[in-house]
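Here are my notes on this one, with the domains and the ligand shell in mind. Have a look at the model, then go through the points below.

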Amino acid sequence: MKIDGVLYRTIWPSDDGASVVIVDQTRLPHRFETVTLGTLEEAAHAIRVMQVRGAPLIGVTAAYGLALALVRDASDAALAQAIELLAGQRPTAINLRWALEEMRSVLQPQPPGDRACRAFAKAAEMADEDVETCRRIGGHGLKLIEEIAKTKPAGEPVNILTHCNAGWLACVDWGTATSPIYHAHDAGIPVHVWVDETRPRNQGAALTAFELGAHGVPHTLIVDNAGGHLMQHGKVDLCIVGTDRVAANGDVANKIGTYLKALAAHDTGVPFYVALPYSTIDWTLSSGRDIPIEERGADEVLVMQGRTADGTVAEVEIAAPGSPAANPAFDVTPARLVTGLITERGIALASREGLAALYPERRESA
Ligand code: MRU
């Protein structure tokens, strides 16, 4: 994606090939800054504090983090320890464990002396594959948007609601939920996006609005509770969200609040689609009931970050002093509320049969 005329991915190897550069997402939308990660610990930290976030990007960052670890020590023990450290940083997005297991299967058979070099190459392949996968998701989602556009009066945009950030900032490029939107916009189909602010970390306000704006996609920021009202009043044609883990039966974990949007969409007859790469499917879980839900710190609920009139970025307390807060970061939307899963292979019904038809080589292994 282009920021100020410069093409960026969210992660790339540094020129010397010994470190990796990321866009620091904790600084957005106020500052577009990059950070260089030179060690395993720095990569793990970037994932934990959400300098990088979004399921696919967490996976690619972990792959590079493993490569950085192997530069220092490429022994079997170091490989296993680095995988354990990285995998423990965030529990819900399965892409993190998927990427590390892919890396393990490639690296374990290599002689230790070859591992670091092979790891950097494999991480780069994963990054490229993510870009291509998201591009394909966009192509399939575009057809949905085209069909809806045909039903609208000429010039009226297709109104799409999205939650959290499943955009290029959550992946390496394109995004999952946003890829169909970018493809439609680039094809000249009028689209307008309702962007849920997505408390507590405001990924919608800070990241989705930022990237849609940078790409020139018309959008409007709304508070998290506005979506149901807009759907009741015919102002949403389609919801598209991303996901951190899909169980083999089509249940979907995504940022907290997604379930409520799916309920509202179901009640009002608005199609509710979830966009994902194959690496987000957890074939070992027969239902979403067993997806681990990340609990994050109360400070994210009690304190908000913003920019003051003089340009200073500051944190302010927003709650009654002493109030405790709970912060479950994800929820599970049952498959029955999901109209379809937009994947790189096409659109599947959110069901065991739907997923099995698209991925016949994969079997539920629970
Ligand atoms: O906590 P985050 O910001 O990592 O959560 C991100 C989401 O919930 C995204 O919707 C999901 O990872 C899909 S990203 C393509």
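**Notes on the ligand shell and the domains**

1. Let's start with where the ligand sits relative to the domains: each of domain 1 (2-128) and domain 2 (137-362) puts at least three residues into the shell around the ligand. Keep in mind that this is a predicted model.

2. On the shell itself, 17 residues surround the ligand. R53, A55, A170, G242 and K255 are the closest. As for secondary structure, α2 (55-72) and β11 (252-255) are the elements that give two or more residues to this shell.

3. Now the domains. The assignment for the chain gives domain 1 (2-128) and domain 2 (137-362), and their centres, taken over C-alpha atoms, are 24 Å apart.

4. How many residues of each domain are in contact with the other? Domain 1 has 24 residues in contact with 27 residues of domain 2. On the domain 1 side, two or more residues come from each of β1 (2-3), α2 and α4 (94-107). Of these, α2 gives the most, with five residues.

5. That domain 1 side divides into 13 nonpolar, seven polar and four charged residues.

Notes. Residues are numbered from 1 along each chain as its sequence is written. This is a predicted model: local features need pLDDT of at least 70, side-chain atom pairs count only at pLDDT 80 or more; totals for chains, interfaces and linings use all residues. A residue is near a molecule or strand if its C-beta atom, placed from the backbone, lies within 6 Å of it. Helices (H or I, at least four residues) and strands (E, at least two) are DSSP runs, numbered from the N terminus. Domain bounds come from an automatic or database domain assignment. Two residues are in contact if their C-beta atoms, placed from the backbone, lie within 7 Å. Ala, Val, Leu, Ile, Met, Phe, Trp, Tyr, Cys and Pro count as nonpolar, Asp, Glu, Lys and Arg as charged, and the others, Gly among them, as polar.
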